[in-house]
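Open the model in the viewer and keep the sequence panel beside it. The stops below are given as selections, each followed by what is found there.

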Amino acid sequence: MTSTPQTPTDILLHTDAGVMTITLNRLERKNSLTTAMYDALSDALESANHDPAVRAVVIQGHETVFSAGNDIGDFLNHPPSTPDAPVFRFMRGISSFPKPLVAAVCGPAVGIGTTLLLHCDLVYAGDNAAFSLPFINLGLCPEAGSSFLLAQLVGYPRAAEALLLGEPFMAETALEMGLINRIVPPAEANALAQRQALKLAAKPLASLLETKRLMKKTHASTVSERISEEGASFGRMLQEPAAREAFAAFMEKRRPDFSKV
Ligand code: COA
């Protein structure tokens, strides 16, 4: 099975002064993520983990868009059906990444564009950031541990609103919910994330690692189990009529018709 080819510039990597910066750079498809890009992201995180010169990682997009989530065409052609699928490898990698992760989010952050933030330690958003967990509208279920982590972070009522209604919410709401750390003008978000990561990189590495490990310890095994359970449901549901209809509607630029599913 072949995957959608990744051009060498879809994921940009740059390491300087202890900070690895990962830039989502597939603007013509709104930074939606293909299987090849998930593998590139996983490889980058593994390399950052093992490289003693890297003490913090920044994940950023463009000031107009963070990520439109999974590439829908890629999902239709190559649905992740086994636990070793690139998307699940990425979820496991980011959820257990031991060094500090800082994200800069501007514009749309759809699906995994929002759920990956639940695994970041610091999140800075442009005032144009629009978060969205549209799984329900796609005939799917939550992923990346979000069915657990979101409620844990923002409380059940707000998590239920986000996941059961699937309506987007803006940066102000995300800040009030406690999902992000700060809102800045879009042109400043990447620079702020970089400054904060440089501060982290100047701290003693052993203290960074131990502090994060201790803070994450309570829920680490729950998160890991939930990612697997969600993944099994998500993979199955992708093949079912509701998701097929939702994705066909997106490709055909029409509203989905769920009346028969
Ligand atoms: N997968 C594949 N292609 C995508 C995509 C995705 N997730 N998101 C956007 N694109 C493509 C569009 O089809 C369009 O292609 P075209 O130029 O050939 O028509 C191009 O990227 C630009 O997208 P467009 O929708 O015109 O941009 P926008 O600024 O009006 O809206 C979004 C941006 C992100 C709000 C919108 O594209 C969107 O909702 N995308 C789908 C998100 C989604 O459901 N993701 C799956 C989550 S599991």
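**Stop 1: a helix pair**

Select residues 146-154, helix α5, and residues 156-165, helix α6: the two pack at an angle of about 135°, and their axes are 7 Å apart. Axes here are lines fitted to C-alpha atoms, for helices over the stretch in contact, and angles run from 0 to 180 degrees between N-to-C directions. That angle makes α5 oblique to α6; angles under 35 degrees count as roughly parallel, over 145 as roughly antiparallel, 65 to 115 as roughly perpendicular, and the rest as oblique. Helices (H or I, at least four residues) and strands (E, at least two) are DSSP runs, numbered from the N terminus.

This is a predicted model, in which local features need pLDDT of at least 70 and side-chain atom pairs count only at pLDDT 80 or more, while totals for chains, interfaces and linings use all residues. Residues are numbered from 1 along each chain as its sequence is written, and side-chain values use heavy atoms, with hydrogens and water left out.

Now show side chains. On α5 the contact (heavy atoms within 4.5 Å) is made by S146, S147, L150, A151 and V154, and on α6 by Y156, R158, A159, A162 and L163. Seven of these contact residues are nonpolar, two polar and one charged; Ala, Val, Leu, Ile, Met, Phe, Trp, Tyr, Cys and Pro count as nonpolar, Asp, Glu, Lys and Arg as charged, and the others, Gly among them, as polar.

**Stop 2: the sheet**

Next, display the strands. An open sheet of six strands runs in the order β1-β2-β3-β4-β6-β9, with mixed pairing; two strands pair if DSSP finds at least two bridges between them. At the edges are β1 (11-16) and β9, each pairing on one side only. Neighbouring strands are turned by 20° against each other on average, direction ignored.

**Stop 3: strand β6**

Select residues 122-126. Strand β4 (residues 101-105) pairs with β6 in the parallel sense over four bridges. Bridge partners to pick are V102 with L122 of β6, and A104 with Y124 of β6. Strand β9 (residues 182-184) also pairs with β6 in the parallel sense, over three bridges; there, A125 has I183 of β9 as its partner.

**Stop 4: a helix across the sheet**

Finally, select residues 186-201. This is helix α8, which lies across β1, β2, β3, β4, β6 and β9 and runs at about 160° to β6.
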